[in-house]
Amino acid sequence: MSPLLRQLLIEAAEMEQHYPEQGRDADLMRLLVHEIGRARELPMHIPLPRDAALAGLCQGFMLSPSIQSRPGEWAAALHMSERTFSRRFREQTGMGFQEWRQRACVVLAVSRLAAGEAVTRIALDFGYERPAAFSTMFRKLAGYPPSAHAVGRLGKEKRLREVPGGAGKSAGKA
């Protein structure tokens, strides 16, 4: 979700249910509808395979995600060739191993970001040597950097504008 769309949704949630057809609220709602139409669908679903052994590996990955996980390791654990593993993985999840692994990392990172964890901590936990590499992958899949996803970031900025002595309009008024 773009920062504009997020802010429009926050504003819309605070509006009265019935608003005049002309004016700020109506303009805000027209812009919101326009931005929703432009929004990218975010890949927030992690498909799990039907095969119990393969599903077990996927569930284990989600408990301890690591970008260092390799398809060859998973194939060996399942006693099959890497080619057979790759074919079976794609058949059962609808995506390749690398795509699935990255999507899982993004989805799992979103909840940690929402809880206020630092991007650097998450990147290192996921096995990235540099947080910038994690941020690049996250931005590629999600369409925005992980630092913009932290819940409360926009809300905190808004609260600061509303609190006397905070940043923005209220600053300097005493």
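Q: What does contact mean for a pair of residues?
A: Contact means heavy atoms within 4.5 Å. Leaving aside neighbours within four places in sequence, Gln102 is in contact with Ile67, Met137 and Leu141.

Q: What kind of model is this, and which pLDDT limits apply?
A: This is a predicted model: local features need pLDDT of at least 70 and side-chain atom pairs pLDDT 80 or more, while totals for chains, interfaces and linings use all residues. Numbering starts from 1 along each chain as its sequence is written, and side-chain values use heavy atoms, with hydrogens and water left out.

Q: Why is Gln102 called buried?
A: Buried means under 20% relative accessible area, exposed means over 50%, and partly exposed lies in between (1.4 Å probe, protein chains only). Gln102 has a relative accessible area of 16%, so Gln102 is buried. Gln102 is found in helix α6. Across the protein chain, 36% of the 174 residues count as buried.

Q: What makes a stretch a helix, and how many helices does the protein chain have?
A: Helices are DSSP runs of H or I with at least four residues; strands are E runs with at least two; both are numbered from the N terminus. The protein chain has nine helices and zero strands.

Q: Why are α6 and α8 called roughly perpendicular?
A: Axes are lines fitted to C-alpha atoms, for helices over the stretch in contact, and angles run from 0 to 180 degrees between N-to-C directions. Under 35 degrees is roughly parallel, over 145 roughly antiparallel, 65 to 115 roughly perpendicular, and the rest oblique. α6 and α8 pack at about 100 degrees, with their axes 10 Å apart. The two helices are therefore roughly perpendicular to each other.

Q: Which residues of α6 and α8 meet?
A: From α6 come Gln102, Arg103, Cys105, Val106, Ala109, Val110 and Leu113. They meet Phe134, Met137, Phe138 and Leu141 of α8.

Q: What makes a set of residues a nonpolar core, and which have the most contacts inside the largest one?
A: A nonpolar core is a set of buried Ala, Val, Leu, Ile, Met, Phe, Trp, Tyr and Cys residues joined through side-chain atoms within 4.5 Å. The largest core here has 32 residues. Trp74, Phe85, Phe89, Trp100, Phe134 and Phe138 have the most contacts inside it. The elements giving two or more residues are α3 (52-63), α4 (71-77), α5 (82-93), α6 (97-114), α7 (119-125) and α8 (131-142). α6 gives the most, with nine residues. A second, separate core of six residues includes Leu5, Leu8, Met15 and Leu28.

Q: Why is the pair of Phe61 and Trp100 called tilted?
A: The structure holds 14 aromatic pairs. Rings of Phe, Tyr and Trp (its six-membered ring) pair if their centres lie within 6.5 Å; planes under 30 degrees apart count as stacked, over 60 as edge-to-face and the rest as tilted. The rings of Phe61 and Trp100 have centres 5.4 Å apart and planes at 55 degrees, so this pair is tilted. The pair links distant parts of the chain: Phe61 is in helix α3, Trp100 in helix α6, 39 residues apart.

Q: How do you know whether Phe61 and Trp100 are buried or exposed?
A: Phe61 has 3% relative accessibility and counts as buried. Trp100 has 0% and also counts as buried.

Q: What makes Phe85 and Phe97 an edge-to-face pair?
A: The centres are 5.8 Å apart, with 65 degrees between the planes. Phe85 lies in helix α5 and Phe97 in helix α6, so the pair ties together parts 12 residues apart in sequence. Phe85 and Phe97 are buried. Phe61, Trp74, Phe85, Phe89, Phe97 and Trp100 form one aromatic cluster.

Q: Why is His79 called exposed?
A: Its relative accessible area is 74%, so His79 is exposed.

Q: How do you know that the span of α2 is close to the expected one?
A: The expected span is 1.5 Å times one less than the number of residues. Helix α2 (residues 24-38) has 15 residues and reaches 21 Å from its first C-alpha to its last, close to the 21 Å expected. In α2, Ala26, Leu28, Leu32 and Glu35 are buried. What covers the buried residues of α2 includes α1 (3-13).

Q: Is Arg38 counted as buried or exposed?
A: Arg38 lies in helix α2. At 59% relative accessibility, Arg38 counts as exposed.
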